[in-house]
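Here is a short briefing for a first look. Please have the sequence and the model side by side as you read.

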Amino acid sequence: MISDRVGLATKRDFDVAIAMLGVLMAGGVYVPLDLSYPRQRLDFMQNDSGMRVVVLSVGLGSEFASTGARVVAIGVAPPPDGVELPSAGPSDPAYIIYTSGSTGTPKGVVTPHRAVLRLTLGSRYTLFGPGRRVLQMAPVSFDAATFEIWGALLNGGEVVVP
């Protein structure tokens with residue numbers, strides 16, 4: 001399954017989790033974009049990943065308007081009646097995260113759904129679950145955010161954004 005790549009240029013607040021869930025529920029693959037990155041790096045990530053859509057928090061990322069990607073503001077709406085959302089299997093990609101590029105060109109690492117589940121479910125080195133809160137400190141473009149956000153949500157806990 002080749003899924004549409006969707007860039008996420010969101011503030012670090014509840015928009016992050018909403019955007020991630022929305023992309024995954026629609027059968028897409030999210031690509032976190034850190035707007036503090038140089039424009040050249042963001043352009044590379046967009047071209048390399050093949051993203052055709054960029055989801056923005058309101059007031060962010062106007063520079064994406066000229067890239068050819070469809071730019072949409074974050075919002076929550078159910079799918080229209082009669083629209084069936086695609087489903088993803090364990091081997092399908094969940095997100096693409098880019099390396100630092102310290103050895104040259106950054107590389108996009110495709111992470112499948114099963115890797116997110118393996119990281120976050122049944123963990124014995126930290127306690128996730130109902131009534132537990134996880135502080136979401138890592139930038140969404142850093143893989144530690146996967147642990148913080150999905151660890152809490154997939155185990156019935158809460159994500160707290162400072």
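This is a predicted model: local features need pLDDT of at least 70, side-chain atom pairs count only at pLDDT 80 or more; totals for chains, interfaces and linings use all residues.

The secondary structure comes to 4 helices and 8 strands.

**Helix 4**

- Ile149 is in contact with Val16, Met20, Gln136 and Val159, leaving aside its neighbours within four places in sequence.

**Overall layout**

- Read from the N terminus, the elements run β-α-β-α-β-β-β-β-α-β-α-β.
- Take the contacts between residues at least 6 apart in sequence: 60% of them join residues at least 24 apart.

**Helix 1**

- Helix 1 covers residues 14-25, which makes 12 residues.
- From its first C-alpha to its last, helix 1 reaches 17 Å, close to the 16 Å expected at 1.5 Å a residue.
- The buried residues of helix 1 are Asp15, Val16, Ala17, Ala19, Met20, Val23 and Leu24.
- Their cover includes strand 1 (5-9), strand 2 (29-32), strand 3 (53-56), strand 5, helix 3 (113-120) and helix 4 (144-153).
- Gly27 follows helix 1, and its phi is positive, near 85°.

**Nonpolar cores**

- The largest nonpolar core has 19 residues.
- Leu8, Met20, Tyr30, Val55, Tyr95, Ile149 and Trp150 have the most contacts inside this core.
- At least two residues of the core come from each of strand 1, helix 1, strand 5 and helix 4.
- Helix 1 gives the largest share, 5 residues.
- A second, separate core has 12 residues, among them Val29, Met45, Val54 and Tyr98.

**The largest cavity**

- The search of the whole structure finds 1 cavity of 30 Å³ or more.
- The largest cavity holds about 30 Å³ of space.
- Its lining is made of Pro32, Tyr37, Arg41, Met45, Ile96, Ile97, Tyr98 and Ser141.
- Helix 2 (39-49) and strand 5 (93-98) are the elements that give two or more residues to this lining.
- Strand 5 gives the largest share, 3 residues.
- By type, the lining residues divide into 6 nonpolar, 1 polar and 1 charged.

**Arg41, a residue of the cavity lining**

- Arg41 sits in helix 2 and is one of the residues that line the largest cavity.
- Is Arg41 buried or exposed? Its relative accessible area is 14%, under the 20% cut-off, so Arg41 counts as buried.
- Arg41 is in contact with Tyr98, Thr99, Ser100, Gly101 and Pro106, leaving aside its neighbours within four places in sequence.
- Gly101 is 60 residues from Arg41 along the chain, and their C-alpha atoms are separated by 9.5 Å.
- Among these contacts of Arg41 is Tyr98, which also lines the largest cavity and belongs to the second core.

**The second largest pocket**

- The second largest pocket has a volume of about 200 Å³.
- It is lined by 14 residues, and Leu24, Ala94, His113, Trp150 and Leu154 lie nearest its centre.
- Helix 1, strand 5 and helix 3 are the elements that give two or more residues to the lining of this pocket.
- The lining of this pocket divides into 12 nonpolar, 2 polar and no charged residues.
- Trp150 lines this pocket and is also among the residues with the most contacts inside the largest core.
- Leu24, another lining residue, is one of the buried residues of helix 1.

- Gly157 lies in the loop between helix 4 and strand 8.
- Its relative accessibility is 14%, under the 20% cut-off, so Gly157 counts as buried.
- Which residues does Gly157 touch, not counting residues up to four places away in sequence? They are Gly129, Pro130, Arg132 and Ala152.
- Phe128 is 29 residues from Gly157 along the chain, and their C-alpha atoms are separated by 6.3 Å.

How values were computed: Residues are numbered from 1 along each chain as its sequence is written. Side-chain values use heavy atoms; hydrogens and water are left out. On a 1 Å grid over the protein atoms alone, a cavity is a set of points where a 1.4 Å probe fits but cannot get out, and a pocket is an open set with protein on both sides within 12 Å along at least five of seven lines; lining residues have an atom within 4 Å of a point. Grid points are joined across faces, edges and corners, and a volume is the space filled by probe spheres set on the points. Ala, Val, Leu, Ile, Met, Phe, Trp, Tyr, Cys and Pro count as nonpolar, Asp, Glu, Lys and Arg as charged, and the others, Gly among them, as polar. The expected span of a helix is 1.5 Å times one less than its number of residues. Buried means under 20% relative accessible area, exposed over 50%, partly exposed in between (1.4 Å probe, protein chains only). Contact means heavy atoms within 4.5 Å. A nonpolar core is a set of buried Ala, Val, Leu, Ile, Met, Phe, Trp, Tyr and Cys residues joined through side-chain atoms within 4.5 Å.
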